[in-house]
Amino acid sequence: MNRHDEDTERTFAALPPAHGRGFAQTWWGRAWLKSLEDAAMDAAQVKTGRRLARAGAVGAVSVRPGRITAVVQDRDRTAHRADVLLEKLSDAQWDRFVDLAIERSGHVAALLDRDMPPHLVEDAATAGIDLLPGMGDLEPECDCGAWDHCGHTAALCYQVARLLDQDPFVLLLMRGRAESAVLDALQSHGGAPAEDGARPPDGVDAAEAYATGHVLPPLPAPPAARDAPGVPPSLDTGNAPPPGVDPAALGFLASRAAAEAHRLLAEALRGGHERQAVSTEPDASEDAVRLATGDPEPDVSRRLGEGSGRTAESLDAAVHAWRLGGGAALSVLEQEWTVEGDTLARARAALESAWDEDERPALRARGNRWTVVGAPHQLRLDREGRWWPYRRERGRWVPAGGAAHDPATALASAVPAVGDEP
Ligand SMILES: [Zn+2]
């Protein structure tokens, strides 16, 4: 009896019908299905199982050491309890597996990342520890009375392949140990991240990556583009959150992350993969403004302001600037810098040639800011040589439009058209 059997059942909700996709995207998910497909006496049953799983006929799946279980509905709505048994590893085999996993830091990092390193599985197999089932290792039991795989047990196997894709720890649980037990073992052997934050190095070493090149299946096709970002799960559990946790802020961050992921995916799928000009890592102050452009709840907005040392008014101005031109516009709003040398010469030449002699406004310079004498208008030079229009409203300089390389063009957008003047 394995001492880790208690409290190790995991239940996975029924999955929606699978449209047009293979059931296994990962190499271990494919290996799992191969053991089913190779062993089943009746290929028609495997096919029936695949069709049932695809149609969403498999109910919630329970995974326990040595056994997976689900209720599977036939097309005529008859429900069958299907089980598939898989031999557990012994404690000695588990100890050996943990030893193998921590021999390379890359293995542990990969497992934590929900990836199953092929070398780990191969090394384990060499040591007589089979993680993935081989032909005939998936033993069917179904109340329909079939003595081999029937459509129900095959459907269960297909469904579990989808779960395995998401999380290889599901396989480790079938083999006898829950994720927490595996991680505890890795940690007590010094392989998992320590409490003090010392992490194993990111990624795998180059030799290992190169060597696995021929083992790994080709990259999956990119996911289909979606019309809109996904909706993050609701954090409203009806219970009071623990101290220091702000569900509204978390929900907002999750929805921003989903929107950003959606934007990046759409961009990637458009092709080209043009490199974005990412000049610097955004700092926290800049990040607060970027987040505030997502129209957060007033409470979240207030926290973003406080956290970045801005009043509500200055956060509004910062958001306005961000919408006009991202980080560059924000730094022009909030930072003043000294223009000198070639940059100053170029700026003066640009101002000189922008207007005819009789139309040129009188400008008073301070730092990178040129203010029109006697008017509430200003031009600000950014570090890339572009000009940003500003307008004075209620005692504050506010961004009045996007940047232009020509100062006259920029200034024109700071000056309201005739009739706009209050
Ligand atoms: Zn059956």
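1. In this predicted model, Trp-370 stands opposite Leu-379 in strand 8. Strand 8 spans residues 377-381 and runs antiparallel to strand 7, to which 3 bridges join it. The hairpin of strand 7 and strand 8 has 4 residues between the strands, and Gly-374 there takes a positive phi near 80°.

2. The pairing concerned is that of strand 6 (residues 363-366) with strand 7 (residues 369-372), which is antiparallel and extends over 4 bridges. In this hairpin 2 residues lie between the strands, and Gly-367 takes a positive phi near 60°.

3. The axes of helix 2 (residues 43-54) and helix 6 (residues 151-166) come within 7 Å and cross at roughly 55°. An angle under 35 degrees would count as roughly parallel and one of 65 to 115 as roughly perpendicular; helix 2 and helix 6 are therefore oblique to each other. The crossing of helix 2 past helix 6 is right-handed.

4. On the helix 2 side, the contact involves Gln-45, Val-46, Thr-48, Gly-49, Arg-50, Leu-52 and Ala-53. Helix 6 contributes Gly-151, Ala-154, Ala-155, Cys-157, Tyr-158 and Gln-159. By class, these residues comprise 7 nonpolar, 5 polar and 1 charged.

5. As to the chain as a whole, its secondary structure amounts to 15 helices and 10 strands. Of its 422 residues, 29% count as buried. Among contacts with a separation of 6 or more, 63% are between residues 24 or more positions apart.

Terms used
Residues are numbered from 1 along each chain as its sequence is written. This is a predicted model: local features need pLDDT of at least 70, side-chain atom pairs count only at pLDDT 80 or more; totals for chains, interfaces and linings use all residues. A residue is buried if 20 or more other C-beta atoms lie within 10 Å of its own, exposed if 12 or fewer, and partly exposed in between; C-beta atoms are placed from the backbone. Two residues are in contact if their C-beta atoms, placed from the backbone, lie within 7 Å. Axes are lines fitted to C-alpha atoms, for helices over the stretch in contact, and angles run from 0 to 180 degrees between N-to-C directions. Angles under 35 degrees count as roughly parallel, over 145 as roughly antiparallel, 65 to 115 as roughly perpendicular and the rest as oblique. A crossing is left-handed if the near helix is turned anticlockwise from the far one by less than a right angle, and right-handed if clockwise. Ala, Val, Leu, Ile, Met, Phe, Trp, Tyr, Cys and Pro count as nonpolar, Asp, Glu, Lys and Arg as charged, and the others, Gly among them, as polar. Two strands pair if DSSP finds at least two bridges between them.
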